Amino acid sequence: MTGKIVDVNCKEEDRAKAEKGADIIRKGGTVVFPTETVYGLGADAGNDGACSKIYKIKSRQQDNPLIVHLADKESVGKYAHIENVRKYKELEKLWPGPLTIVMPKRETVGNVASAGLDTVGIRIPDCNFTRAFIRMSGTGIAAPSANRSGKPSATMAEHIMDELDGVDLIYRAERSRIGIESTVIFPEGDSCKILRPGAYTEEDLLKIFHQVTYSGKDDPVRSPGMKYRHYSPDKTVLRADAQSLLDYLKEHRDVLPIVTTETAKFIEGDKIVLGSLSNPYEISSSLYDSLRKLDASNYSKGIIESLPERGFFISVMNRIKKASVEL
Ligand code: TXA
Ligand code: MG
């Protein structure tokens, strides 16, 4: 894979480096890029052949649409009917950021990227380098998370190098700052549905909408992707609150604990430390790497600490629950 990796910094718009990836995108290739949530595996959203490569590289189900990533607010109207979204002006203020808005799509979004739906999820990521790369590509970049389908999303370029074959270029930056995928919403007039929880929470959205609901299992409006197995490490992960976890460890030695800094103090043996409860992004940004470390360890299973389900931790727990079974 070496030779295809270019080191970048999310704070800087390095135009020479951005041009390399932009050229590949214009020619119908695939590029992995960093964002504040997780890394994306991108191709030209208007090029069906290029987008098909993404599904192949990831082994992704064909009916699961891709998010279209844009560099600037000015270009959103080229891909989506923003005039049909009543609260668009308020929502737009949350960009660049970890928010994907599902809107009626325009023809510029290819059928492969949108998996044949008449809507498109749009996001402007909060990484200056990546936005420069998108801008220079001259097109919207369709991109799912850069992991094999079913695996935890990649928050470090190293995760991708181990896992994905056939990518034309990988931009390597620091670990993703947030570390779980964007909040995906479906706005309908004064109400909004959360299709996937993320760093923008229900409370944040209630400042814009009268009503905010979570899309349920039998909801006709839901993300196709939510029905697939997600975020799972290969090994079994148990889940328990801090006290039950510590009690369990007294009886069992063959399990690797994944815990907060606060709980780690009480564990003498091997452990993976997520970060402190007082710094939620420290925890969320290390979650997927911790699950991958468990897979790479000599332990046959892990046990992860449940977080208090408030605010942003509701979203982090959504991912933890998908990766684990309750003790
Ligand atoms: O943070 C993120 O959103 C990352 C970075 C790379 O931007 N991307 C990401 O993409 O997580 P992906 O493909 O792994 O997850 C996108 C989710 C899927 O569950 C998909 O079904 C849903 O968003 N989605 C995309 N377009 C949609 C649409 N038009 N309607 C409903 N759900 C949609
Ligand atoms: Mg994904």
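Which strands each supply at least two residues of the shell around ligand 1? They are strand E4 (67–69), strand E6 (119–123) and strand E10 (191–196); strands (E, at least two residues) and helices (H or I, at least four) are DSSP runs, numbered from the N terminus.

This is a predicted model, in which local features need pLDDT of at least 70 and side-chain atom pairs count only at pLDDT 80 or more, while totals for chains, interfaces and linings use all residues. Residues are numbered from 1 along each chain as its sequence is written, chains are lettered from A and ligands numbered from 1 in the order in which they are written, and side-chain values use heavy atoms, with hydrogens and water left out.

**Around the ligand**

Let's start with the shell. Ligand 1 is surrounded by 26 residues, where a residue is near a molecule if one of its heavy atoms lies within 4 Å of it. The closest are Thr37, Asn64, His69, Ser182 and Gly225. With 4 residues, E6 gives the most to this shell. By type, the shell holds 11 nonpolar, 10 polar and 5 charged residues; Ala, Val, Leu, Ile, Met, Phe, Trp, Tyr, Cys and Pro count as nonpolar, Asp, Glu, Lys and Arg as charged, and the others, Gly among them, as polar.

Taken alone, ligand 1 exposes 690 Å², and the protein buries 97% of that (areas by the Shrake-Rupley method with a 1.4 Å probe).

**Elsewhere in the chain**

The backbone has two details to look at. The peptide bond from Trp95 to Pro96 is cis, with omega near -10°, and Pro96 is placed in the loop between helix H4 (88–92) and strand E5 (99–104). Ser59, a residue other than glycine, has a positive phi near 55°; Ser59 lies in the loop between helix H2 (48–58) and E4.
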